[in-house]
Amino acid sequence: MKTLLLVVAAAVSIAACGNREEIAEGKRSYQGKPDSQPWNNEPLAAEYRGGKWTKGDRASWETDIKARQLTQHEYKRIDQ
Amino acid sequence: MARMKFLCDAERCIECNGCVTACKQENEVPWGVNRRRVVTINDGIVGAEKSISVACMHCSDAPCMAVCPVDCFYRTDDGVVLHDKDLCIGCGYCFYACPFGAPQFPQAGAFGLRGKMDKCTFCAGGPEKDQSEAEFKKYGRNRLSEGKLPACAEMCSTKALLGGDGDVIADIYRDRVVRRGKGSEVWGWGTAYGPGKPGPTPPQQQPARKS
């Protein structure tokens with residue numbers, strides 16, 4: 001009985017000495033909070049300006065943001 | 001699928017610091033932290049001196065993500081590299097790894113104690129509820145969720161700084177290079193996004209002849 005208790009005590013006392021599971025390089029992953037997607041929001045001031053994309057629809061958001069990006073192209077902007 | 005990138009046209013940047021000011025104002029960036037700054041390249045070399053606007057480039061294979069000991073970095077579906085400030089321990093490894101010097105650390109106490117890392121978010125906020133006060137306080141404005149582009153790029157008066165989907169802004173830049181016939185080098189793109197495919201060769205300019 002005494003031997004058994006000693007073995008259990010020894011096992012408990014060294015339990016915290018184990019190594020953490022190591023993660024191979026390249027397989028590490030983000031440990032923080034999840035983030036939401038920009039297309040899961042209502043377009044800004046939709047009630048005044050009209051919805052430019054549909055909430056939750058990534059394709060429509062991308063179409064809208066691409067149109068905005070093209071305004072940086074002054075040659076095309078002038079031609080419009 | 002959009003893959004957000006920045007591109008700075010050194011032929012056009014006039015070092016007005018409008019992008020720096022726009023970023024500071026839009027995101028209410030604290031004193032001592034500069035998410036974006038304008039630097040001079042080829043300083044002192046007559047004829048080759050240019051200015052460019054530099055911030056986090058949201059690299060394809062971001063070294064900051066690789067070295068972070070607490071894995072607080074993530075990449076959004078649009079390719080924007082963001083981080084969770086609740087997890088950041090302010091160790092500064094990302095600063096040493098970043099080839100652009102993008103990570104910034106506000107002073108958090110005496111003896112130069114570093115606070116949590118702060119950097120450009122491509123005006124995409126962070127891991128908090130979109131457009132919430134918490135998101136704004138920690139990460140700044142989330143313009144992408146409003147259907148807008150980063151304030152720095154939209155504010156640029158000469159359109160030297162372009163922000164948006166890599167394909168779209170590369171097309172804009174290609175058009176410019178072909179029209180003006182020079183300045184096809186894009187500073188930092190190879191470092192941030194890999195070598196990729198070479199762009200078109202601009203038409204050769206005829207050297208001016210003295211008559």
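## Briefing on a predicted two-chain model

Leu113(B) touches Gln107(B) and Ala108(B), leaving aside residues up to four places away in sequence. The model is predicted. In it, 27 residues of chain A are in contact with 32 residues of chain B. The largest nonpolar core has 56 residues.

**Leu113(B)**

- Leu113(B) sits in the loop that runs between helix H3 (93-97) and helix H4 (133-139) of chain B.
- Leu113(B) counts as exposed because it has 11 C-beta neighbours inside 10 Å, and a residue with 12 or fewer is classed that way.
- From Leu113(B) to Ser184(B) the separation is 71 residues in sequence and 42 Å in space, taken C-alpha to C-alpha.

**The largest nonpolar core**

- Within this core of 56 residues, Leu7(B), Cys152(B), Leu161(B) and Tyr173(B) have the most contacts.
- Helix H6 (residues 166-180) of chain B gives the core its largest share, six residues.
- Leu7(B) touches Leu162(B), Ile169(B), Tyr173(B), Val186(B) and Trp189(B), again not counting residues up to four places away in sequence.
- As a general background, nonpolar side chains tend to be buried together in soluble globular proteins.

**Helix H1 of chain B**

- Helix H1 of chain B covers residues 18-27, and its buried residues are Cys19(B), Ala22(B), Cys23(B), Lys24(B) and Asn27(B).
- In an α-helix, residues three or four places apart point the same way, because there are 3.6 residues a turn.
- The partners against which the buried residues of H1(B) pack are strand S3 (50-54), helix H5 (151-155) and strand S6 (161-165) of chain B.
- After H1(B) comes Glu28(B), which has a positive phi, near 45 degrees.

**Chain A**

- Chain A contains four helices and zero strands, so that its elements read α-α-α-α from the N terminus on.
- Chain A has 80 residues, and 14% of them count as buried.

**Where the chains meet**

- The contact between the chains involves 27 residues of chain A and 32 residues of chain B.
- On the side of chain A that touches chain B, helix H3 (58-70) and helix H4 (74-79) of chain A each supply at least two residues.
- The largest share of that side, seven residues, is supplied by H3(A).
- By residue type, the side of chain A that touches chain B divides into nine nonpolar, nine polar and nine charged residues.

Conventions:
Residues are numbered from 1 along each chain as its sequence is written. Chains are lettered from A and ligands numbered from 1 in the order in which they are written. This is a predicted model: local features need pLDDT of at least 70, side-chain atom pairs count only at pLDDT 80 or more; totals for chains, interfaces and linings use all residues. A nonpolar core is a set of buried Ala, Val, Leu, Ile, Met, Phe, Trp, Tyr and Cys residues joined through C-beta atoms within 7 Å. A residue is buried if 20 or more other C-beta atoms lie within 10 Å of its own, exposed if 12 or fewer, and partly exposed in between; C-beta atoms are placed from the backbone. Two residues are in contact if their C-beta atoms, placed from the backbone, lie within 7 Å. Ala, Val, Leu, Ile, Met, Phe, Trp, Tyr, Cys and Pro count as nonpolar, Asp, Glu, Lys and Arg as charged, and the others, Gly among them, as polar.
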